Amino acid sequence: MKKYDVIIIGGGSAGLAAALEINKHRKSKILILERDAELGGILLQCIHNGFGLKVFKEELTGPEYAERFINELHEKGIEYKLNSMVIKLHPNKTVEYANVDEGFITIGAKAVILTMGCYERSAGAIGLPGNRPSGVMTAGAAQKYLNIDGYLVGKNIFILGSGDIGLIMARRMVLEGANVLGVAEILPFSSGLKRNIVQCLEDYDIPLYLSHTVTEIIGKNKIEKIKLSKVDNFIPIPGTEIEFEVDTLLLSVGLIPENGLSEVCGIKIDPRTKGPIVNESYQTNIDGIFACGNVLHVHDLVDFVTEESRKAGLAVSKYLDKQLAETKNMIELIPGEGVAYIVPQHVNIDNITDKVEFFLRVKKEYKDVNFVVRSGENIIKTNKKRHLAPAEMEQIKLKLIDLENIKDIKTIVIEVTK
Amino acid sequence: MFDVIIIGAGIIGATISRELSKYNLKTVILEKEFDVAMEATMANSAIVHSGHDPIPGTLKAKFNILGNRMYKQMSKELDIPYMECGGMVLATSDEELTLVKELYQRALENGLNKKEVILLSRDKILELEPNISDLVNGGLYLPTTAVTLPWEAAIANIENAMDNGVKLKLENKVLKIEKKEHFIVTTNKDVYEGKVLINATGIHGSNIANLVTKASFKTRARRGEYYVLDKDVTIANSVLYPVPTEKGKGVIITPQYHGNTLLGPTSEFVSFEDISKTTARGLEYIKNGSQKLLKNIPFHKVVRSFAGGRATSSNEDFIIEESAVPGFINVCGIESPGLTAAPAIAVYVVEEIVGKKLKMIKKDNYNPNRKPVVRTIEMTKDELNELYKIDKKYSKMICRCEKVTEGEIVDSINRNCGARSVVGVKNRSRAGSGRCQGGFCQSEVINILSRELKIDKRSVVYSKTGSEILIEKTKGEL
């Protein structure tokens with residue numbers, strides 16, 4: 001069995017950044033396994049711009065953003081395999097994969113990084129009432145057909161869900177000559193970034209129906225009509241139905257971390273993020289298996305994925321050098337009032353050099369509130385926030401010194417208060 | 001001139017066609033849909049019932065028991081997924097417990113022996129099914145209950161029938177039937193002549209029968225809606241039935257062969273147009289019904305919901321008989337337990353009815369076995385690498401959720417009764433059945449269908465003619 005220092009499962013934005021970061025810190029035998037025919041992951045189909053503002057201080061398209069990492073990977077001579085699907089991951093860090101050049105192969109590593117990204121919640125998962133004709137698909141699938149394969153899926157489009165891919169595809173379909181009749185969101189606020197609402201809907205006069213959902217799909221072979229209803233707390237209000245004649249319904253109703261492999265391996269999943277539970281080093285409950293990027297929790301921007309994956313890469317290089325402390329002084333992070341989730345979920349204080357960063361999302365929209373970080377009655381930090389929304393990931397940094405000031409700290413709560 | 005024309009390629013038409021293919025007869029199946037098994041056979045509970053439930057003395061009771069005893073052998077010959085998981089009827093009140101005891105007597109009367117139907121206490125049930133609700137106070141254990149894949153059962157029967165000479169004509173909707181010396185059946189595409197005509201058209205049974213002569217029965221569509229849960233959660237080890245009522249078997253919890261769990265069905269008479277429509281109300285009913293039997297059902301693990309129509313006949317039993325017009329045989333109203341009864345019904349129809357009309361001689365070269373289906377997910381690494389040496393396509397993973405390779409998809413297209421649509425590929429190979437519902441692999445499946453069928457990608461359909469997915473090319477050729 002061939003042995004590596006690190007096997008990285010997935011050659012998208014997270015896998016590429018993690019590989020390069022490890023390579024920066026130590027000479028390692030790294031292998032990236034990518035199921036697609038090219039490196040870059042979903043970035044390749046995101047041909048719009050807006051990527052890289054944080055990481056490169058310039059505005060790039062998805063393929064351009066990916067290219068910078070891929071070029072560097074080639075320069076550094078980091079090994080990767082394309083068209084290679086990982087079939088099974090074992091807790092002892094052996095990995096089974098398959099491709100047409102080698103067949104079914106088992107390899108091993110000292111560390112494994114999970115960077116499998118996420119998948120889109122499907123029409124089936126949300127139980128849309130009505131027929132099951134063709135022409136109902138996720139926004140990301142339509143994006144792939146259009147931007148990679150070069151095919152249009154329809155001319156009269158309605159979009160359910162205001163996730164960012166849906167908003168991006170609303171604009172994209174208009175540019176390709178289709179009519180986009182509207183975007184519906186069951187919540188009273190958008191699930192996508194503000195900048196996408198402005199640049200993809202408002203600039204193109206595409207109506208956004210907040211507190212609305214599709215209550216019936218009608219169509220024999222291909223979708224012909226949808227019924228849209230206003231909702232009151234998720235329940236459709238009778239008599240508010242509007243009909244739209246469409247040939248396509250795109251769904252942008254949520255992204256779910258892709259953890260099929262992780263679950264089978266026995267990695268514990270946080271029901272809130274649907275990604276692995278990790279510590280400050282992005283290590284899962286299984287020693288030597290790490291996770292970062294959208295497989296861990298869904299990010300708003302690829303720049304955040306890159307930053308997180310670099311941190312994970314640094315932690316992995318320390319792990320390989322046996323510089324990560326044993327998991328002893330663990331602090332558990334608890335989402336308090338108004339907070340949907342916090343990543344990482346655990347912190348080993350011995351592995352913090354000067355500060356630790358947490359990523360979190362809130363459950364609903366807030367105006368003029370505080371983020372309060374506390375341990376028991378001890379308030380560690382208070383951050384004033386003018387506006388909070390579930391669509392925008394928030395960051396909180398804590399200094400090591402703040403944590404050391406509290407004796408026997410076991411839990412930290414982060415909550416939203418007035 | 002055909003000896004036998006079968007109208008309808010559901011599970012009934014399928015099993016009858018295979019039974020006929022054992023004899024030196026010329027048989028054709030006419031199916032109005034784009035693929036076989038598209039209506040009731042596509043959307044049902046997938047259960048091979050034990051025979052505990054039908055009213056004693058009915059055809060339902062008779063053929064259920066006979067069919068159950070034939071399933072394992074048929075599944076072996078045709079390589080149809082078959083899981084002997086057993087079943088339980090769960091009572092949730094003292095009243096229901098009394099009914100369970102009556103059901104026990106009924107099961108014995110139907111011919112189950114005392115090893116095939118067993119009364120269980122709550123404690124005993126808990127050992128086998130740890131997730132039962134607090135209401136469950138006893139039940140029946142039915143070890144001969146099993147689970148199959150209904151559409152694959154139909155596909156496998158027709159494929160084997162075709163391997164043995166039967167013809168299949170898809171997208172042939174029957175418009176007119178004339179009886180002279182023999183039957184002349186006109187479809188939207190062609191005219192077929194046959195000596196014996198078998199009506200196996202499910203919910204359309206009485207409509208087709210009326211084309212020959214005024215039917216003595218009426219078939220209606222009773223819609224059932226279902227939820228499918230992801231395969232990574234096991235909530236039931238066996239088929240869990242509520243205590244049946246006059247309306248039917250109620251909301252059943254069914255573990256599926258590939259690890260998913262099915263919850264449903266509802267029961268509601270609807271028009272033909274509405275049989276495959278799901279409703280918010282129906283799905284709510286399933287949620288409530290299933291929670292009566294089990295607790296902590298993870299509804300956030302739903303990957304799909306669907307609906308299908310069962311063919312309910314006006315005389316409340318199966319109709320399996322030659323009509324007043326000699327040679328015209330109705331096999332209609334085959335609702336539950338029709339999937340189970342199908343192989344037994346087929347033998348009866350062929351031997352007892354067709355056999356009296358036509359001179360039938362068994363073929364010497366009849367092959368009862370379907371070419372085995374490669375299912376890479378069930379193979380060891382060594383077996384996979386042996387396969388890889390023969391065909392590298394079996395190491396190219398297309399569907400990541402269900403682990404389906406290109407080799408399996410190509411095979412599903414290139415068999416007799418092969419896939420011609422995205423849904424056809426999904427039904428035969430499982431590509432696209434998983435948690436992402438084809439979000440990632442559908443474009444690859446379109447590419448493979450286009451290549452294998454030698455058609456443009458824009459002509460590849462989702463499920464039937466008119467359901468094309470890609471409508472327009474946006475870029476020129478590279």
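**Close-up views of a predicted two-chain model**

**Figure 1. Helices α1(A) and α7(A) pack in a right-handed crossing.** The model is predicted. The axes of α1 (residues 13-25) and α7 (residues 302-320), both of chain A, come within 7 Å and cross at roughly 40°. Angles from 35 to 65 degrees fall between roughly parallel and roughly perpendicular, so α1(A) is oblique to α7(A). On the α1(A) side, the contact is made by Ser13(A), Ala14(A), Ala17(A), Ala18(A), Glu21(A), Ile22(A) and His25(A). From α7(A) come Val302(A), Val305(A), Thr306(A), Ser309(A), Arg310(A), Ala312(A), Gly313(A), Leu314(A), Val316(A) and Ser317(A). Sorted by class, this contact has nine nonpolar, six polar and two charged residues.

**Figure 2. Five strands of chain A form an open sheet with parallel pairing.** The strand order is β10-β19-β12-β13-β14. At the edges stand β10 (136-138) and β14 (208-210) of chain A; each has a single partner strand, so one side of each is left without a neighbour in the sheet. From one strand to the next, the twist averages 20°. Strand β13 (residues 179-185) of chain A runs parallel to β14(A), and three bridges join the two. Within this pair, Ala184(A) stands opposite Tyr209(A) of β14(A). Helix α4 (residues 164-175) of chain A packs on the sheet, where it touches β12 (156-160), β13 and β19 (248-251) of chain A. The direction of α4(A) makes about 170° with that of β13(A).

**Figure 3. Chain A meets chain B through residues from several helices and strands.** In this interface, 41 residues of chain A are in contact with 42 residues of chain B. On the side of chain A that touches chain B, the strands that give two or more residues are β6 (85-89), β7 (94-99), β8 (103-114), β9 (118-120) and β11 (151-152). The helices that do so are α3 (139-149) and α6 (260-265) of chain A. The most comes from α3(A), with six residues. By class, the residues on this side of chain A divide into 16 nonpolar, 16 polar and nine charged.

**Figure 4. Strand β11(A) pairs with a strand of chain B.** The partner is β23 (residues 472-473) of chain B, and the two strands pair in the antiparallel sense over two bridges. Tyr151(A) stands opposite Lys473(B), a residue of β23(B).

**Figure 5. Helices α10(B) and α11(B) pass each other in a right-handed crossing.** The axes of α10 (residues 406-414) and α11 (residues 422-429), both of chain B, come within 9 Å and cross at roughly 110°. That angle makes α10(B) roughly perpendicular to α11(B). Glu408(B), Ile409(B), Ser412(B) and Ile413(B) of α10(B) make the contact with Val425(B), Arg428(B) and Ser429(B) of α11(B). The residues of this contact divide into three nonpolar, two polar and two charged.

**Figure 6. Chain B is assigned two domains.** Domain 1 of chain B takes in 81-145 + 220-305, and domain 2 takes in 376-459. The centres of domain 1 and domain 2 of chain B, taken over C-alpha atoms, are separated by 32 Å.

Key:
Residues are numbered from 1 along each chain as its sequence is written. Chains are lettered from A and ligands numbered from 1 in the order in which they are written. This is a predicted model: local features need pLDDT of at least 70, side-chain atom pairs count only at pLDDT 80 or more; totals for chains, interfaces and linings use all residues. Axes are lines fitted to C-alpha atoms, for helices over the stretch in contact, and angles run from 0 to 180 degrees between N-to-C directions. Helices (H or I, at least four residues) and strands (E, at least two) are DSSP runs, numbered from the N terminus. Angles under 35 degrees count as roughly parallel, over 145 as roughly antiparallel, 65 to 115 as roughly perpendicular and the rest as oblique. A crossing is left-handed if the near helix is turned anticlockwise from the far one by less than a right angle, and right-handed if clockwise. Two residues are in contact if their C-beta atoms, placed from the backbone, lie within 7 Å. Ala, Val, Leu, Ile, Met, Phe, Trp, Tyr, Cys and Pro count as nonpolar, Asp, Glu, Lys and Arg as charged, and the others, Gly among them, as polar. Two strands pair if DSSP finds at least two bridges between them. Domain bounds come from an automatic or database domain assignment.
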